[in-house]
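Hi,

Here's the structure I promised to pass on.

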Amino acid sequence: MVAYRIDRRSGVATYVQIVQQTKQALRLGLLEPGDKLPTAREVVEATAINPNTVLKAYRELEREGLVEARRGLGTFVRRTLGAATADSPLREELDAWARSARAAGLDREDVAALFGSVLDAHFPKGDQ
């Protein structure tokens, strides 16, 4: 089950953070078709956010065809995203690179900017 982490200082809407974290879990294979998402009540208890925010995120995921709500049962994953997995050798390489970047004195924003520029060079926007 996914455990949501809300960063109130990020400037990103809370429901968007839930959507993004769910999509990341789907991409990494941490959530698979048939898995149940935490109930709105469970998310509220863990994060202290408004239940309507959780429901808005789940509706967005449902609109995108990633999850389905089953009345009285909960919200379940319909399909996954991407081909990356949490235990991929590429993740291990990226983990080693991140450790090197941190040892070199880069902070999170520096790493994000550097990685974003490399992504943009290899995966131009519009290339899906």
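Below is what turned up, grouped by region. Keep in mind that this is a predicted model.

Let's start with helix α4, which covers residues 89–103, 15 residues in total. From its first C-alpha to its last it reaches 21 Å, close to the 21 Å expected at 1.5 Å a residue. After α4 comes glycine 105, and its phi is positive, near 95°.

Stay in that part of the chain and you'll find aspartate 107, in the loop between α4 and α5 (108–122). Aspartate 107 has a relative accessibility of 37%, so it counts as partly exposed. Its side chain reaches the backbone nitrogen of aspartate 110 at 2.8 Å.

Now go to helix α2 (residues 40–47), where threonine 47 sits. Is threonine 47 buried or exposed? Its relative accessible area is 10%, and the cut-off for buried is under 20%, so threonine 47 is buried. A polar atom of its side chain lies 2.6 Å from the backbone oxygen of valine 43. Leaving aside neighbours within four places in sequence, threonine 47 touches Tyr4, Ile6 and Arg8.

Last, the rings. There are zero aromatic pairs in the structure, but two rings do have a charge over them: lysine 56 has its charged end over the ring of tyrosine 15, 4.2 Å from the centre, and arginine 70 lies over the face of phenylalanine 76, 4.1 Å from the ring centre.

Cheers

Conventions: Residues numbered from 1 in each chain as written. Predicted model: local features only at pLDDT ≥ 70, side-chain atom pairs only at ≥ 80, totals over all residues. Heavy atoms only, no water. Helix = DSSP H or I, 4+ residues; strand = E, 2+ residues; numbered from the N terminus. Expected span 1.5 Å × (residues − 1). Phe/Tyr/Trp six-rings, centres within 6.5 Å; stacked < 30°, edge-to-face > 60°. Lys NZ or Arg CZ within 6 Å of the ring centre and 35° of its normal. Buried < 20%, exposed > 50% of the residue type's maximum accessible area, 1.4 Å probe, protein only. Polar contact = N/O pair within 3.5 Å; in protein donor to acceptor, adjacent residues only side chain to side chain. Contact = heavy atoms within 4.5 Å.
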